[in-house]
Amino acid sequence: NSSFATMTGRGGATAGGEIRDTSLQIDADLEKLAGKLRTFLEDPPLLGGTVRADVKAAGQAMSATIAFKGLKVETIGPLDATLRHEGNLDTGAHSVRLESGKPATVQITAQVKKDDLRADFKAESDLEALIALFPGKMQIKPVGPATLAGRLVKQGGRMKIEQGTLATGAVTAAFSGEVLEKSSKFDLIADVVPAELTRWMPELNLRGTNIPLEAAMTLEGGKMAATGKTRLEKLSQGTVWTVATGPMEFSAAIDGAAISGTAKITDLAVTDAKGNVVKDPAVSLVYDLGFSDAAATLRKVELTSTFLRGGVTGTIADLKAAPEFKDVRASFKYHPERLGAVLQPWLPGKLEGTEEKSIEIVLNGKVASMDALAILRGAKGTADLDLAKFTAEGISVSGKTRLELADGKAVTGAPLTVSRSRSPSRCRSIWS
(Lines give C-alpha, C1' and ligand atoms only; values in the text may rest on other atoms or scores of the structure.)
Protein backbone atom coordinates (compact mmCIF):
# COMPACT_ATOMS: atom_id res chain seq x y z
CA ASN A 1 0.00 0.00 0.00
CA SER A 2 1.01 3.60 -0.65
CA SER A 3 -0.64 7.01 -0.64
CA PHE A 4 -1.54 6.65 -4.33
CA ALA A 5 -1.62 2.89 -5.10
CA THR A 6 -2.42 -0.55 -3.71
CA MET A 7 -1.19 -3.94 -4.95
CA THR A 8 -2.34 -7.47 -4.15
CA GLY A 9 -1.07 -10.73 -5.60
CA ARG A 10 -0.63 -14.46 -5.24
CA GLY A 11 1.30 -17.23 -6.98
CA GLY A 12 4.96 -17.71 -7.81
CA ALA A 13 7.37 -19.91 -9.70
CA THR A 14 9.19 -23.20 -9.20
CA ALA A 15 12.94 -23.43 -8.66
CA GLY A 16 13.20 -24.40 -12.33
CA GLY A 17 11.60 -21.14 -13.40
CA GLU A 18 8.14 -22.48 -14.27
CA ILE A 19 5.44 -19.92 -13.47
CA ARG A 20 2.62 -21.29 -11.31
CA ASP A 21 -0.89 -19.80 -11.40
CA THR A 22 -0.05 -16.19 -10.58
CA SER A 23 -2.21 -13.09 -10.42
CA LEU A 24 -1.45 -9.49 -9.62
CA GLN A 25 -3.82 -6.53 -9.21
CA ILE A 26 -2.73 -2.91 -8.99
CA ASP A 27 -4.98 0.10 -8.37
CA ALA A 28 -3.59 3.62 -8.70
CA ASP A 29 -4.98 7.14 -8.33
CA LEU A 30 -3.07 9.26 -10.84
CA GLU A 31 -4.03 12.58 -9.27
CA LYS A 32 -2.58 11.41 -5.96
CA LEU A 33 0.51 10.18 -7.83
CA ALA A 34 0.94 13.66 -9.33
CA GLY A 35 0.67 15.12 -5.82
CA LYS A 36 3.44 12.82 -4.63
CA LEU A 37 5.64 13.82 -7.57
CA ARG A 38 5.25 17.48 -6.62
CA THR A 39 7.23 16.84 -3.45
CA PHE A 40 10.45 16.20 -5.35
CA LEU A 41 9.92 17.35 -8.97
CA GLU A 42 10.13 21.02 -9.89
CA ASP A 43 7.74 20.66 -12.83
CA PRO A 44 5.65 17.48 -12.31
CA PRO A 45 3.13 16.32 -14.92
CA LEU A 46 -0.56 17.09 -14.49
CA LEU A 47 -2.34 13.76 -14.08
CA GLY A 48 -5.89 12.67 -13.34
CA GLY A 49 -8.06 9.56 -13.25
CA THR A 50 -7.53 6.02 -12.01
CA VAL A 51 -5.83 2.88 -13.32
CA ARG A 52 -6.51 -0.77 -12.52
CA ALA A 53 -4.17 -3.46 -13.84
CA ASP A 54 -4.96 -7.20 -13.65
CA VAL A 55 -2.08 -9.47 -14.66
CA LYS A 56 -2.24 -13.27 -14.82
CA ALA A 57 0.34 -15.89 -15.78
CA ALA A 58 0.53 -19.68 -15.82
CA GLY A 59 3.32 -21.63 -17.47
CA GLN A 60 4.10 -19.91 -20.75
CA ALA A 61 0.72 -18.15 -21.01
CA MET A 62 0.09 -14.64 -19.77
CA SER A 63 -2.65 -12.03 -19.92
CA ALA A 64 -3.12 -8.46 -18.73
CA THR A 65 -6.02 -6.04 -18.59
CA ILE A 66 -5.40 -2.38 -17.79
CA ALA A 67 -8.44 -0.15 -17.32
CA PHE A 68 -8.18 3.66 -17.33
CA LYS A 69 -11.03 5.76 -15.93
CA GLY A 70 -11.09 9.51 -16.49
CA LEU A 71 -7.46 9.48 -17.62
CA LYS A 72 -5.95 12.96 -18.00
CA VAL A 73 -2.38 13.89 -18.94
CA GLU A 74 -1.72 17.63 -18.93
CA THR A 75 -4.56 19.06 -21.08
CA ILE A 76 -5.37 15.76 -22.79
CA GLY A 77 -8.51 13.89 -21.74
CA PRO A 78 -10.47 12.79 -19.84
CA LEU A 79 -10.51 9.34 -21.42
CA ASP A 80 -11.90 5.94 -20.47
CA ALA A 81 -9.92 3.12 -22.09
CA THR A 82 -9.11 -0.56 -21.69
CA LEU A 83 -5.88 -2.25 -22.81
CA ARG A 84 -5.88 -6.05 -23.11
CA HIS A 85 -2.94 -8.34 -23.83
CA GLU A 86 -2.77 -12.09 -24.28
CA GLY A 87 0.42 -13.91 -25.10
CA ASN A 88 2.39 -17.13 -25.00
CA LEU A 89 6.15 -17.14 -24.51
CA ASP A 90 6.51 -20.60 -26.00
CA THR A 91 4.68 -19.99 -29.31
CA GLY A 92 5.56 -16.27 -29.52
CA ALA A 93 1.94 -15.37 -30.28
CA HIS A 94 0.65 -12.12 -28.80
CA SER A 95 -2.53 -10.10 -29.15
CA VAL A 96 -3.01 -6.52 -27.92
CA ARG A 97 -6.26 -4.56 -28.08
CA LEU A 98 -6.91 -0.99 -26.93
CA GLU A 99 -10.52 0.17 -26.70
CA SER A 100 -11.64 3.70 -25.87
CA GLY A 101 -15.05 3.91 -27.51
CA LYS A 102 -15.32 6.50 -30.27
CA PRO A 103 -11.85 8.06 -29.93
CA ALA A 104 -9.94 4.92 -30.92
CA THR A 105 -9.82 1.14 -31.12
CA VAL A 106 -6.45 -0.48 -31.83
CA GLN A 107 -5.84 -4.17 -32.54
CA ILE A 108 -2.34 -5.67 -32.84
CA THR A 109 -1.67 -9.34 -33.54
CA ALA A 110 1.98 -10.30 -33.35
CA GLN A 111 4.28 -13.30 -33.72
CA VAL A 112 7.61 -12.98 -31.89
CA LYS A 113 10.54 -15.38 -32.29
CA LYS A 114 13.92 -14.36 -30.87
CA ASP A 115 14.95 -11.27 -32.89
CA ASP A 116 12.16 -11.60 -35.45
CA LEU A 117 8.76 -9.93 -35.29
CA ARG A 118 5.67 -10.01 -37.48
CA ALA A 119 2.78 -7.80 -36.38
CA ASP A 120 -0.48 -6.85 -38.07
CA PHE A 121 -2.08 -3.65 -36.78
CA LYS A 122 -5.38 -1.86 -37.32
CA ALA A 123 -6.60 1.35 -35.70
CA GLU A 124 -10.08 2.81 -36.11
CA SER A 125 -11.25 6.19 -34.85
CA ASP A 126 -13.99 8.78 -34.93
CA LEU A 127 -11.82 11.81 -35.68
CA GLU A 128 -14.09 14.34 -34.00
CA ALA A 129 -14.08 12.34 -30.78
CA LEU A 130 -10.31 11.84 -30.98
CA ILE A 131 -9.52 15.52 -31.54
CA ALA A 132 -11.85 16.49 -28.68
CA LEU A 133 -9.29 14.88 -26.34
CA PHE A 134 -6.74 17.54 -27.39
CA PRO A 135 -8.49 20.88 -26.77
CA GLY A 136 -6.74 23.82 -28.38
CA LYS A 137 -3.97 21.64 -29.82
CA MET A 138 -5.21 21.20 -33.39
CA GLN A 139 -5.69 23.94 -35.97
CA ILE A 140 -7.68 21.65 -38.23
CA LYS A 141 -10.97 19.98 -37.32
CA PRO A 142 -11.02 16.54 -38.97
CA VAL A 143 -14.39 14.82 -39.13
CA GLY A 144 -15.69 11.35 -39.93
CA PRO A 145 -14.18 7.90 -39.44
CA ALA A 146 -10.54 6.97 -39.99
CA THR A 147 -8.78 3.63 -40.36
CA LEU A 148 -5.03 2.96 -40.23
CA ALA A 149 -3.75 -0.54 -40.94
CA GLY A 150 -0.65 -2.42 -42.00
CA ARG A 151 2.02 -4.95 -41.14
CA LEU A 152 5.34 -4.54 -39.33
CA VAL A 153 8.03 -7.14 -40.05
CA LYS A 154 11.40 -7.24 -38.27
CA GLN A 155 14.11 -9.66 -39.28
CA GLY A 156 17.50 -9.18 -37.64
CA GLY A 157 18.52 -5.54 -38.13
CA ARG A 158 15.92 -4.86 -40.82
CA MET A 159 12.40 -3.58 -40.16
CA LYS A 160 9.76 -3.18 -42.87
CA ILE A 161 6.32 -1.62 -43.02
CA GLU A 162 4.13 -3.52 -45.48
CA GLN A 163 0.61 -3.08 -46.81
CA GLY A 164 0.14 0.20 -44.94
CA THR A 165 -3.16 1.95 -45.61
CA LEU A 166 -4.91 5.08 -44.34
CA ALA A 167 -8.57 5.78 -45.07
CA THR A 168 -10.43 8.98 -44.17
CA GLY A 169 -13.02 11.05 -45.96
CA ALA A 170 -10.41 13.62 -47.01
CA VAL A 171 -7.38 11.39 -47.68
CA THR A 172 -6.80 7.79 -48.68
CA ALA A 173 -3.24 6.50 -48.85
CA ALA A 174 -1.06 3.44 -49.22
CA PHE A 175 2.41 3.46 -47.68
CA SER A 176 5.40 1.22 -47.13
CA GLY A 177 8.90 1.57 -45.79
CA GLU A 178 12.11 -0.04 -44.64
CA VAL A 179 14.30 0.84 -41.65
CA LEU A 180 17.90 -0.35 -41.73
CA GLU A 181 20.73 0.25 -39.29
CA LYS A 182 22.05 3.37 -41.05
CA SER A 183 19.30 4.36 -43.45
CA SER A 184 15.54 4.32 -43.97
CA LYS A 185 13.19 4.83 -46.89
CA PHE A 186 9.45 5.33 -47.17
CA ASP A 187 6.99 5.51 -50.09
CA LEU A 188 3.51 7.03 -50.21
CA ILE A 189 0.68 7.04 -52.75
CA ALA A 190 -2.30 9.18 -51.75
CA ASP A 191 -5.55 10.63 -53.04
CA VAL A 192 -6.89 13.91 -51.59
CA VAL A 193 -10.58 14.89 -51.83
CA PRO A 194 -10.80 18.73 -51.87
CA ALA A 195 -14.46 18.99 -50.78
CA GLU A 196 -13.86 16.67 -47.82
CA LEU A 197 -10.66 18.51 -46.89
CA THR A 198 -12.77 21.69 -46.74
CA ARG A 199 -14.92 20.02 -44.09
CA TRP A 200 -11.74 19.79 -42.00
CA MET A 201 -10.70 23.38 -42.81
CA PRO A 202 -13.77 25.39 -43.95
CA GLU A 203 -11.65 28.47 -44.73
CA LEU A 204 -10.16 26.59 -47.70
CA ASN A 205 -13.52 26.49 -49.52
CA LEU A 206 -12.12 24.04 -52.07
CA ARG A 207 -13.95 21.99 -54.67
CA GLY A 208 -12.80 19.89 -57.60
CA THR A 209 -11.49 16.54 -58.74
CA ASN A 210 -9.40 14.34 -56.48
CA ILE A 211 -5.70 15.23 -56.19
CA PRO A 212 -3.25 12.34 -56.66
CA LEU A 213 0.06 12.41 -54.79
CA GLU A 214 3.16 10.22 -54.92
CA ALA A 215 6.09 10.81 -52.57
CA ALA A 216 9.29 9.11 -51.48
CA MET A 217 11.56 9.91 -48.54
CA THR A 218 14.98 8.66 -47.48
CA LEU A 219 16.86 9.15 -44.20
CA GLU A 220 20.59 8.54 -43.99
CA GLY A 221 23.34 9.89 -41.78
CA GLY A 222 21.18 12.61 -40.25
CA LYS A 223 20.06 13.83 -43.67
CA MET A 224 16.60 13.63 -45.19
CA ALA A 225 15.63 13.82 -48.85
CA ALA A 226 12.12 13.79 -50.28
CA THR A 227 10.68 13.86 -53.78
CA GLY A 228 7.13 13.82 -55.04
CA LYS A 229 4.72 14.55 -57.84
CA THR A 230 1.07 15.48 -58.25
CA ARG A 231 -1.27 17.36 -60.61
CA LEU A 232 -4.44 19.41 -60.39
CA GLU A 233 -7.05 18.44 -62.93
CA LYS A 234 -9.55 21.00 -61.60
CA LEU A 235 -9.41 22.79 -58.26
CA SER A 236 -11.74 25.68 -57.40
CA GLN A 237 -11.94 28.03 -54.45
CA GLY A 238 -15.62 28.90 -54.24
CA THR A 239 -16.54 30.87 -57.37
CA VAL A 240 -13.38 33.04 -57.24
CA TRP A 241 -11.00 31.00 -59.36
CA THR A 242 -10.30 27.57 -60.80
CA VAL A 243 -6.80 26.20 -61.32
CA ALA A 244 -5.56 23.28 -63.39
CA THR A 245 -2.02 22.02 -64.02
CA GLY A 246 0.00 19.42 -65.80
CA PRO A 247 2.51 17.39 -63.80
CA MET A 248 3.87 19.07 -60.65
CA GLU A 249 7.12 17.92 -59.07
CA PHE A 250 8.85 18.84 -55.83
CA SER A 251 12.02 17.96 -53.95
CA ALA A 252 13.38 18.82 -50.53
CA ALA A 253 16.58 18.09 -48.63
CA ILE A 254 17.27 18.62 -44.93
CA ASP A 255 20.85 18.57 -43.71
CA GLY A 256 21.08 19.62 -40.09
CA ALA A 257 19.62 23.14 -39.90
CA ALA A 258 19.63 23.65 -43.68
CA ILE A 259 16.61 23.10 -45.92
CA SER A 260 16.74 23.35 -49.70
CA GLY A 261 14.64 22.20 -52.61
CA THR A 262 12.64 22.93 -55.72
CA ALA A 263 9.04 22.94 -56.91
CA LYS A 264 8.01 22.88 -60.56
CA ILE A 265 4.55 23.32 -62.10
CA THR A 266 3.86 22.71 -65.79
CA ASP A 267 0.90 23.92 -67.86
CA LEU A 268 -0.63 26.11 -65.16
CA ALA A 269 -4.04 27.54 -66.05
CA VAL A 270 -5.91 29.91 -63.70
CA THR A 271 -9.48 30.94 -64.57
CA ASP A 272 -11.10 33.83 -62.69
CA ALA A 273 -14.79 34.37 -61.92
CA LYS A 274 -15.32 36.20 -65.26
CA GLY A 275 -13.81 33.39 -67.31
CA ASN A 276 -10.47 35.11 -67.96
CA VAL A 277 -7.68 32.54 -68.22
CA VAL A 278 -4.01 32.97 -67.30
CA LYS A 279 -1.73 30.25 -68.65
CA ASP A 280 1.87 29.61 -67.74
CA PRO A 281 3.83 26.74 -69.32
CA ALA A 282 6.30 26.50 -66.42
CA VAL A 283 6.41 27.87 -62.87
CA SER A 284 9.43 27.09 -60.69
CA LEU A 285 10.53 27.79 -57.13
CA VAL A 286 14.06 27.26 -55.82
CA TYR A 287 14.87 27.74 -52.13
CA ASP A 288 17.82 27.39 -49.77
CA LEU A 289 17.14 28.21 -46.11
CA GLY A 290 19.14 28.01 -42.92
CA PHE A 291 17.80 27.86 -39.35
CA SER A 292 19.59 28.44 -36.04
CA ASP A 293 18.70 29.90 -32.64
CA ALA A 294 15.14 30.90 -33.67
CA ALA A 295 16.50 32.65 -36.77
CA ALA A 296 15.85 31.97 -40.46
CA THR A 297 18.38 32.86 -43.14
CA LEU A 298 16.96 33.14 -46.64
CA ARG A 299 20.05 32.31 -48.64
CA LYS A 300 18.06 31.87 -51.83
CA VAL A 301 14.35 32.03 -52.61
CA GLU A 302 13.66 32.47 -56.32
CA LEU A 303 10.36 32.27 -58.21
CA THR A 304 10.09 32.13 -61.98
CA SER A 305 6.79 32.48 -63.86
CA THR A 306 5.09 34.65 -66.48
CA PHE A 307 3.10 36.52 -63.80
CA LEU A 308 5.81 37.00 -61.13
CA ARG A 309 9.59 36.53 -61.09
CA GLY A 310 12.24 37.46 -58.60
CA GLY A 311 13.54 36.50 -55.19
CA VAL A 312 14.11 37.18 -51.50
CA THR A 313 17.31 37.11 -49.40
CA GLY A 314 18.20 38.12 -45.85
CA THR A 315 17.78 37.02 -42.24
CA ILE A 316 14.85 37.11 -39.82
CA ALA A 317 16.08 36.67 -36.26
CA ASP A 318 14.32 36.02 -32.94
CA LEU A 319 11.29 34.37 -34.57
CA LYS A 320 9.99 33.04 -31.24
CA ALA A 321 9.66 36.48 -29.65
CA ALA A 322 9.92 39.82 -31.49
CA PRO A 323 11.15 39.07 -35.02
CA GLU A 324 14.01 41.20 -36.30
CA PHE A 325 14.64 41.82 -40.01
CA LYS A 326 18.28 41.96 -40.99
CA ASP A 327 18.84 43.24 -44.52
CA VAL A 328 15.84 41.35 -45.93
CA ARG A 329 15.61 42.20 -49.63
CA ALA A 330 12.80 41.34 -52.02
CA SER A 331 13.06 42.10 -55.73
CA PHE A 332 10.27 41.13 -58.12
CA LYS A 333 8.92 41.88 -61.60
CA TYR A 334 5.20 41.29 -62.18
CA HIS A 335 2.64 41.22 -64.97
CA PRO A 336 -0.38 43.06 -63.49
CA GLU A 337 -3.30 41.29 -65.17
CA ARG A 338 -1.76 37.84 -64.82
CA LEU A 339 -0.77 38.35 -61.18
CA GLY A 340 -4.18 39.84 -60.40
CA ALA A 341 -5.93 36.76 -61.75
CA VAL A 342 -3.72 34.39 -59.74
CA LEU A 343 -4.17 36.42 -56.51
CA GLN A 344 -7.87 37.12 -57.03
CA PRO A 345 -9.03 35.20 -53.90
CA TRP A 346 -6.91 37.44 -51.67
CA LEU A 347 -7.01 40.83 -53.44
CA PRO A 348 -9.59 43.39 -52.24
CA GLY A 349 -9.65 44.90 -55.73
CA LYS A 350 -8.43 44.47 -59.31
CA LEU A 351 -4.98 44.82 -60.92
CA GLU A 352 -4.95 45.98 -64.54
CA GLY A 353 -2.32 46.36 -67.25
CA THR A 354 -0.06 44.29 -69.48
CA GLU A 355 3.22 46.17 -69.00
CA GLU A 356 5.67 44.52 -66.60
CA LYS A 357 6.15 46.40 -63.31
CA SER A 358 8.68 46.09 -60.46
CA ILE A 359 8.79 45.92 -56.67
CA GLU A 360 11.96 46.44 -54.59
CA ILE A 361 11.76 46.16 -50.77
CA VAL A 362 14.48 46.39 -48.09
CA LEU A 363 13.57 45.75 -44.42
CA ASN A 364 15.47 46.04 -41.13
CA GLY A 365 14.52 46.30 -37.48
CA LYS A 366 12.35 44.59 -34.86
CA VAL A 367 8.59 44.06 -35.26
CA ALA A 368 5.90 42.82 -32.88
CA SER A 369 4.91 39.91 -35.14
CA MET A 370 4.99 38.71 -38.74
CA ASP A 371 1.59 40.26 -39.42
CA ALA A 372 1.71 42.68 -42.39
CA LEU A 373 0.50 45.66 -40.34
CA ALA A 374 2.97 44.87 -37.56
CA ILE A 375 5.79 44.89 -40.10
CA LEU A 376 4.69 48.28 -41.47
CA ARG A 377 4.53 49.70 -37.95
CA GLY A 378 7.81 48.31 -36.66
CA ALA A 379 10.26 47.80 -39.51
CA LYS A 380 12.64 50.33 -41.02
CA GLY A 381 13.39 50.31 -44.71
CA THR A 382 12.28 51.28 -48.16
CA ALA A 383 9.80 50.00 -50.73
CA ASP A 384 10.13 51.08 -54.36
CA LEU A 385 6.83 50.32 -56.04
CA ASP A 386 5.93 50.58 -59.69
CA LEU A 387 2.20 50.18 -59.07
CA ALA A 388 -0.02 49.11 -61.93
CA LYS A 389 -3.59 50.41 -61.94
CA PHE A 390 -5.29 48.96 -58.89
CA THR A 391 -9.01 49.57 -58.38
CA ALA A 392 -10.99 48.93 -55.20
CA GLU A 393 -14.45 50.25 -54.32
CA GLY A 394 -14.45 52.78 -57.16
CA ILE A 395 -11.01 54.25 -56.39
CA SER A 396 -8.03 53.58 -58.68
CA VAL A 397 -4.36 54.07 -57.75
CA SER A 398 -1.30 53.78 -60.01
CA GLY A 399 2.22 55.14 -60.50
CA LYS A 400 5.77 54.91 -59.17
CA THR A 401 6.58 55.73 -55.56
CA ARG A 402 9.06 55.08 -52.77
CA LEU A 403 7.81 54.33 -49.27
CA GLU A 404 10.10 55.20 -46.37
CA LEU A 405 9.31 53.01 -43.35
CA ALA A 406 10.28 54.46 -39.98
CA ASP A 407 8.78 55.24 -36.56
CA GLY A 408 5.57 53.38 -37.26
CA LYS A 409 4.88 55.34 -40.47
CA ALA A 410 5.11 54.67 -44.19
CA VAL A 411 5.81 58.00 -45.90
CA THR A 412 6.06 58.75 -49.60
CA GLY A 413 6.93 62.06 -51.23
CA ALA A 414 6.46 60.73 -54.74
CA PRO A 415 3.08 61.32 -56.38
CA LEU A 416 0.61 58.57 -57.17
CA THR A 417 -2.29 58.96 -59.59
CA VAL A 418 -5.55 58.53 -57.73
CA SER A 419 -8.87 58.61 -59.54
CA ARG A 420 -12.45 58.21 -58.51
CA SER A 421 -15.21 58.04 -61.18
CA ARG A 422 -13.05 59.66 -63.95
CA SER A 423 -11.70 62.59 -61.89
CA PRO A 424 -7.92 62.06 -61.50
CA SER A 425 -5.87 63.85 -58.86
CA ARG A 426 -2.32 63.84 -57.53
CA CYS A 427 -1.61 63.15 -53.87
CA ARG A 428 1.13 62.87 -51.23
CA SER A 429 0.37 60.04 -48.78
CA ILE A 430 1.24 59.39 -45.15
CA TRP A 431 0.02 56.25 -43.32
CA SER A 432 0.60 55.49 -39.66
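## Paired strands

Strand β15, which covers residues 223-230, pairs with strand β18, residues 248-255, in the antiparallel sense over eight bridges; here two strands count as paired if DSSP finds at least two bridges between them, and strands (E, at least two residues) and helices (H or I, at least four residues) are DSSP runs numbered from the N terminus. Within this pairing, Gly 228 has Phe 250 of β18 as its bridge partner.

Strand β18 is also joined by eight bridges to strand β19, residues 258-272, and these two strands run antiparallel. Phe 250 has Ala 263 as its bridge partner in β19. The strands β18 and β19 form a hairpin with two residues between them, and Gly 256 in the turn has a positive phi of about 65 degrees.

## Basis of the model

This is a predicted model, in which local features need pLDDT of at least 70 and side-chain atom pairs count only at pLDDT 80 or more, while totals for chains, interfaces and linings use all residues. Residues are numbered from 1 along each chain as its sequence is written, and side-chain values use heavy atoms, with hydrogens and water left out.

## Backbone details

Most residues other than glycine have a negative phi, and most peptide bonds are trans. Asn 205, however, has a positive phi of about 55 degrees although it is not a glycine, and this residue lies in the loop between α3 (194-200) and β13 (206-208). Asn 205 is partly exposed, with a relative accessible area of 34%, where buried means under 20%, exposed over 50% and partly exposed in between (1.4 Å probe, protein chains only).

Ala 294, in the loop between β20 (277-292) and β21 (295-304), has a positive phi near 60 degrees, and its relative accessible area of 25% makes Ala 294 partly exposed. A cis peptide bond, with omega about 5 degrees, joins Gly 77 and Pro 78, and Pro 78 is placed in strand β5, residues 76-88.

## The largest pocket

The largest pocket has a volume of about 1,500 Å³. A pocket is an open set of points on a 1 Å grid over the protein atoms alone, where a 1.4 Å probe fits, with protein on both sides within 12 Å along at least five of seven lines; grid points are joined across faces, edges and corners, and the volume is the space filled by probe spheres set on them.

The pocket is lined by 40 residues, and Ile 361, Leu 376, Leu 385, Leu 387 and Leu 403 lie nearest its centre; lining residues have an atom within 4 Å of a point. By class, the lining has 33 nonpolar, four polar and three charged residues, with Ala, Val, Leu, Ile, Met, Phe, Trp, Tyr, Cys and Pro counted as nonpolar, Asp, Glu, Lys and Arg as charged, and the others, Gly among them, as polar.
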